[in-house]
Every structure is written in structure tokens, then in C-alpha cells.
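Subject: A structure for you to look through

Hello,

Please keep the picture open while you read.

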Amino acid sequence: MLATSRNFKANARAGLADDNLQKALALARTGFPLRRSLAVERLPEFEALRESGRSIKDHVLAHLDFYLELYESRAVAAGGKVHWASTAQEACAAVLQICRSVGARTVTKGKSMVAEEVGLNDFLEANGITPVETDLGEYIIQLREEPPSHIIAPAIHLIKEQVAETFRAEHSALDPARPLVEPRQMCEEARAMLRPRFLAADVGITGANFLVAETGSSIIVTNEGNGDLTQTLPRVHIVMTSIEKVVPTLEDAVTLMRLLARSATGQEFSSYTTVSTGPRQPGDLDGPEQYHVVLLDNGRSALLGTDFQDMLRCIRCAACLNHCPVYAAVGGHAYGWVYPGPMGAVLTPSLIGIEEAGHLPNASTFCGRCESVCPVKIPLPKMMRHWREREYAQKLSPPVYRTGLSVWSWVARRPALYHAFAELASRVLGWAGRGRGRFRSLPLANGWTTVRDMPAPEGRSFHSLWAERQR
Amino acid sequence: MTQTRERILAGIRTSLGRGPPDAHTLAELRSRLAARRRNVIPARAAALDECDRVDLFVAMAEEVQTTVARVVSPAMVPEEIARYLAAENLAAEIVAAPDPGLDAIPWEIRPLLRIRRGRAGADDKVSLTACHAAIAETGTLMLISGRHTPTTLNFLPETHIVIVRRGQVVATYEDAMDRLCAEGASRPLPRVINFITGPSRTADIEQHIELGAHGPRRLHIVLLDEAQATERVGEDEQRGAGGQ
């Protein structure tokens, strides 16, 4: 997928001005956190589960080579085929080669963020194969030719009127006078449109939430059942996934699953959790004849042993998006690539480079809600700070900002000078603002004052008041 | 392909600053796997006796719009299914798993219930299956694929009816998976294990929860509670006779 993360500021401004987006986000920013907190309250062990989830993932990452080799050998023993891919291109090529080997024309797809990451749909289409997204949200945005705006609710940026408009335009064979007002009617229409596609597809592609090393299994977690129809009906099932998804045992997978739905949607458990191991077995009446797994690296292995290793614990629940004030204001498209919100602000620079995605780790208030709700306790603000430091060290941030920071740090490292300046500045500003008690505009600070007033200091600096009290 | 594999594995080892795992580490990792150690287990279901566990299963299932009917004898199952289909205004035509576990039910007492055994097709409206286990923790059913238990039954029809025997209700996912091993089906696993918690749903349009996105719109459990049957033999026979 082509990144537009460089344009974050313009994207964000457009998002803030988009009434439909703001209406859609208003529903999301209250709903998700409320449902999560209710689910967490009901489970006294939730905190212990987070700790356990973190340690499982840390253990896997420390021994990732061992678990991947074991996973591969067990998947192969079950009759599956594992395709390793270093890059997006290699992953796409592997999928195309499988599709061509069975003469596939149509593929159905369950939701896969890894498939989004490698730009699989565009690649297949360019090669004469029609990909059909079957998750309702993914289906809607595929019709609209938009990227997903959220990692578990890809069409969360839309209101129902926009969905209705899209369906009327794209489902042109249906009666134009049909009622299409309630979400119920739109779900029914999508169900009716997609059912024949499920039945006709030659290949079904899903993602994987987890891979189980012990058994060679892949696991998907869904609510709609589209992933199951996608992987059960066609002759070939391809799992698009990435190397950090592996866990040692089914017991470990279950522990993470107890965290996943509660963190994501506030459900106790998603409707469908499906553990798949190999193709159809002798005597089975249904299921795919071939089972392939495309295992993508795409820069992940290079994160091991760095400040960003913890990011590989991520189980893609989207709790950090759902609790982020920046995401809630600008929406997911502003981030300009596949992964938005706090997890995207850390992962995107890791995968496509800080030169491209430097705005993202800066688009944070560091309020820390993301880390506080993360089911595997990823220190997201800390890692965004690491990216800011690297951006500064590589001289990628704007000159004015860099000069300002240099001046500030020079002064801050000289406490006597700093205190003198601070005392002087608070007195001057206090005097200048004595009438209103706030400033509508300030030289060099219009980034602050164009959207809000700057409160005027009371006339003394904190340091001098503190020193006085200590006496 | 092999080159890519080696490159990725080598890259992982370089990043971790070590070579392939040594003998000691390998032994540790293998013993961790062999132990199949359980992690944190919620007390919610694990601490309950059988009776409360079954009640919790029913309560949790109903919370996610699964409907549950309790019956006390196999003879009541066809009756309950006929009642359910009539109440939902559905035709009395069912595709059922060719599962010997369903043979013990006296289907002949409801001759109008037309039952085909096999995998589900595009036109089947109602499916009937047994299950491998029922998990009280979240009201979740565990179904496995096999020659007698095709997966399409769980997803293609609009209505899925599942017969759960009281003895199949376990506390946790771990308990349910242990039953898989205890029955000699440990490895390789069945092609598919389906954990099913309520009917299909979506909230992709304005967070509005709609049932029946792509999978079944309705999930109905007939809970065969034979433990109660011993206390109610007389009543049971009367009802069975009434059904004929």
C-alpha cells in the first residue's frame, strides 16, 4: 500500500473538517472504551492475564527462530505448505503462484491486515485475479476503493448514509427503490450479494491472529463467520500472516484470546474462534484440499533486539486506537498507511521508515491511555519517544524546531541561567497579561494560541515560589 | 524459498545477537512445550460444581443471543426441535451431521421432521449437530471437524441447532482441549476446531450490532440434561408417549 504518512498534518486537518467522519468517530470514541471497561470489570483476573500475555509474547520473541521452525515442521506434518516471505513483493508473488497453480479466477478474503500491508488486492487485480473482501467493513471500503481506517473496524470512518449511497451505486442490478436506511437492511444486502461469491471462489485467503508452534495450527478470530466460509468452501485456503504471530502452545493462545476480544470490542469472546490445522483429512466431507501459509517478515526480524522489540508483542486488538484522543479526533486515514493510532505511530516508522512516517510518533499527547489499556503492556509512549529521538538525531525534524530545542536544552542544562530566564519570563508575561489573565496571541507561539488562549503566569516562577517555601 | 527461510531465520538470530539455540536452551524449550502448562485460569467457571457450571454455561450463552432449551431425555429432543422450528416459523427440514452421536435420539417420533444427513449445501436452511464440548466460561461451543462432523453445517445454514449433553459442559477452554487429547485425538489435531459463541454478528456499520452477518442468524442449543431424568422418569415417559 502506498503510504501518505508524510501528509499527516494535511490529512489530519481534512479529517477534522469532515462532518461525516466526525459523526462516525463520535460513536466510536464512546462505545469501544465503555464496552471494554465493562468486560474488564467482570474479570478479576484481567490484570494477571495481561502480565501472562506479555510474558508469553516476550518468551516467543526471545526464541522466535525456534518456534518458527517448530511451527513450520508441525504445519508441514499436518499436510500444510509454508511459504516464507522477506518482503511484501515476495508475499504477493507466493499468493499469485498458488492461485495460478490451481487456475484461480476469484478469491474470497477474510480480513487480514497483513494482506493490506503487502497490498495484496491491487497486486492480484493487476494479475487478472479478482479479490472479493467478505468482512462487511472490508467489503464496503473495497467498493469505495478506500483503505481501512481501523484495524478491527475498517469502515468505522463511515456513517450509514454513506454505506447506503455506496451500495446503491455498486449494486446497480438491485431495485433502485428498495429501502436502505437501517444498518440491518445493508447487512442483509451485503449477505445476499456475497453468498454466491463465497460459493464460487477458487481460493480463500484469511489472516491469522495466532500461529501455534506445538500443533502447526493457525487461528482466526471473527464475529461474522465470513472467515470460516472463506476458508471452508474453496478448494484452497491461504493464510496470510507474519512471523511474530507464533505462540508455543494452544494454552498460550487461549490466554491471549482471553485478552483479545475483551480489549478489542468488549466481548467476552468473539463469535467464532477457529483453529485450523492442515487441509481436508481423509474421510472429511468438506474443507479445502490445500492449506498454505505465507509467513511474512517485512522488517519485523530487524526490530528484535532494538528499542522497538516490544512492539512485536502486539495482538492487533485496537484498544490503543479506541482509547487515543488523537485517533478519535482525526480518524485512521490521517495516519496514511495500514496501521493507525498509537500502535501505528510506532509500527509504521519501523516498517516504512522514519523519513516517511516521522509525523506519526509526534502526533501524540503522551497521555498514556494506550499503554494503560494494551493487553500485552506495550510501552507505546516510550517507543514514540524513541522515534522522536531518532528523528532528531537523523536531522529529519524541521530546522526551526531543532534550533528551538537546541537553545532550550543549552539553557536547561545551566540551572542558574534557566531559573533566571524563567523568573524573568514569568514576571514579564505576568505583567503583560495582568488585564485579561490570558493571551489571545503570542509571538513565536501561534501554534498554541491559534486554537486556544495561553493563560498568563501569575508573576512568579514555580522554582522561586518553591525555594521561598523551603526556607 | 529455502533461501528466504534461511535469511529470515539468520536475521532473527543476528538481531537477537546469538546463534541457533544451544542444547540446554533447546531442552528447556522442549520441556516447556511438553508440559502444556496452563497460564492464568479465571475462577469464574473453574471454581464451580457441575450444577452451577451448567447454569453458568446457559447464562453466558444466552447473554450472546444463543437460545437454550433444556430437555431431560433423548426422546424430548425431536419434540423440542419441532417446537423451535414452528416457533421461528421455519420449515421442518434439517441437514444433520452424519454423527453416530445423534443416532441415539428417537427421530421417528416426529416423522414430519425431515432430516438429511451430510454436509451443508447452499440451500440448506437449518442444520443440526452435536458438539465436542461446551465451555461455561463464556457460553462457548467447541465443535471439531471429522468424517462425521462436516464444518459447513456450522456456517452455511441460517439456523444452527446444537445438541449439548450435560456431561459435555466443562469450565474452561483448556478443559475442552484436554478432552480432545483424552479421547486419543491429540495430534494431529482435527482439521478444524470451531469455538462458537452465539450467532454470527457484525457491528461494522455505525457500531450497530446486527445478527446474521454471514454465518447463522440463530444458534439454538438443546441441552440434554439426563442427570435430571433419573428424578423425572415417570414424567419423561408420559411426555415421550404424548409425542407419538
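Leaving aside its neighbours within four places in sequence, Thr265(A) is in contact (heavy atoms within 4.5 Å) with Phe32(A), Arg35(A) and Ile152(A). Thr265(A) sits in the loop between helix H12 (250–264) and S9 of chain A, where helices (H or I, at least four residues) and strands (E, at least two) are DSSP runs numbered from the N terminus. The side chain of Thr265(A) also makes a polar contact with the side chain of Gln267(A), at 2.7 Å. A polar contact here is a pair of N or O atoms within 3.5 Å; within protein, one must be able to donate a hydrogen and the other to accept it, and residues adjacent in sequence count only if both atoms are side-chain atoms.

Before going on, please note that this is a predicted model, in which local features need pLDDT of at least 70 and side-chain atom pairs count only at pLDDT 80 or more, while totals for chains, interfaces and linings use all residues. Residues are numbered from 1 along each chain as its sequence is written, chains are lettered from A and ligands numbered from 1 in the order in which they are written, and side-chain values use heavy atoms, with hydrogens and water left out.

Next, the sheet. Eight strands form an open sheet with mixed pairing, in the order S8(A)-S5(A)-S6(A)-S9(A)-S9(B)-S6(B)-S5(B)-S8(B), and two strands are said to pair if DSSP finds at least two bridges between them. Strand S8 (246–247) of chain A and strand S8 (169–170) of chain B stand at the edges, each with a single partner strand, so one side of each is left without a neighbour in the sheet. Strand S9 (residues 272–276) of chain A pairs with strand S9 (residues 192–196) of chain B in the antiparallel sense over five bridges, and Tyr272(A) has Ile196(B) as its bridge partner in S9(B). Within chain B, strand S6 (residues 140–144) runs antiparallel to S9(B) and is joined to it by four bridges, with Ile196(B) as the bridge partner of Leu141(B).

What does the contact between the two chains take from each of them? It takes 104 residues from chain A and 81 residues from chain B. The area buried between them is about 7,800 Å², of which carbon and sulfur atoms give 56%; buried area is the accessible area (1.4 Å probe) that two parts lose on being put together, summed over both.

Side chains of opposite charge can pair when their charged atoms come close. In one of them Arg18(B) pairs with Asp65(A), the closest N and O atoms being 2.8 Å apart. This pair crosses between chains, from the loop between helix H1 (2–16) and helix H2 (23–35) of chain B, which holds Arg18(B), to helix H4 (residues 64–77) of chain A, which holds Asp65(A).

Best wishes

Key. A salt bridge is a side-chain nitrogen of Lys or Arg within 4 Å of a carboxyl oxygen of Asp or Glu.
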